[in-house]
Amino acid sequence: VDESSWSPQLKELKDANEVAVVRYELELNYDYWNYHDIMTAILPDSEQSEIPVGFSAVGHVAHLNLRSQYLPYKHLIASVLLDKNPTIRTVINKIDDVGEENEFRTFKYEVLAGPDDMKVEVREQECLFRFDYSKVYWNTRLSTEHHRLVSKFKPGEAVCDVMAGVGPFALPAAKKGVWVWANDLNPDSYTSLVDNAKRNKVLSLFPISGPGSKV
């Protein structure tokens with residue numbers, strides 16, 4: 001035991017026989033370190049300033065938007081991210097801008113880790129949403145806005161949601177007794193909207209006309 005590293009207080013306690021110092025070996029393996037610790041250890045020093053740490057979690061999918069300088073390490077980043085987040089099974093990276101692919105605001109992506117399974121389940125405002133994330137628009141960062149707007153509605157009021165998506169505004173509103181007429185141009189969003197309304201036993205939500213209809 002190297003006594004030169006001891007503090008004066010420790011030396012005093014040791015000399016007074018109030019404590020004993022013994023050798024103890026501690027092994028720290030991969031499981032001990034968190035995502036940021038590992039990235040800091042393995043990425044080049046030149047890439048340490050803005051290590052990718054943020055992602056959008058949509059059900060079991062982690063959605064990254066990596067900057068160009070980190071693309072050479074994308075599979076490594078995704079692998080560690082998958083290891084350190086037990087609820088995540090698939091990691092994707094967006095490869096174009098939202099809405100660039102079509103008017104439905106979907107986007108192209110590449111799977112970096114895990115299976116290419118984009119059929120997700122999300123819980124928000126006491127509602128369960130199921131949808132194919134590759135075919136519809138969903139923004140996890142809007143959850144606060146969803147709650148803020150729905151909180152303004154009162155039971156018995158009537159609301160028209162003409163860009164309802166899979167129902168993040170329409171379903172919670174209908175569940176609190178608001179009469180909601182909802183539609184979306186995206187046929188996949190419309191299908192998920194109807195399915196989610198049935199799943200959540202929402203009785204005051206009325207999908208308008210059919211998939212792809214215009215209001």
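Fifteen residues, written 15 in the count, line the second largest pocket, and Ser 56, His 63, Tyr 133, Asn 139 and Arg 141 lie nearest its centre. A pocket here is an open set of points on a 1 Å grid over the protein atoms alone, where a 1.4 Å probe fits, with protein on both sides within 12 Å along at least five of seven lines, and lining residues have an atom within 4 Å of a point. This is a predicted model, in which local features need pLDDT of at least 70 and side-chain atom pairs count only at pLDDT 80 or more, while totals for chains, interfaces and linings use all residues. Residues are numbered from 1 along each chain as its sequence is written, and side-chain values use heavy atoms, with hydrogens and water left out.

Strand 1 (56-58) and strand 2 (61-64) are the elements that give two or more residues to this lining; strands are DSSP runs of E with at least two residues, helices runs of H or I with at least four, numbered from the N terminus. The two strands form a hairpin with two residues between them, and Gly 59 in the turn has a positive phi of about 60 degrees. On the strand 3 side, His 63 stands opposite Ile 92.

Key: Two strands pair if DSSP finds at least two bridges between them.
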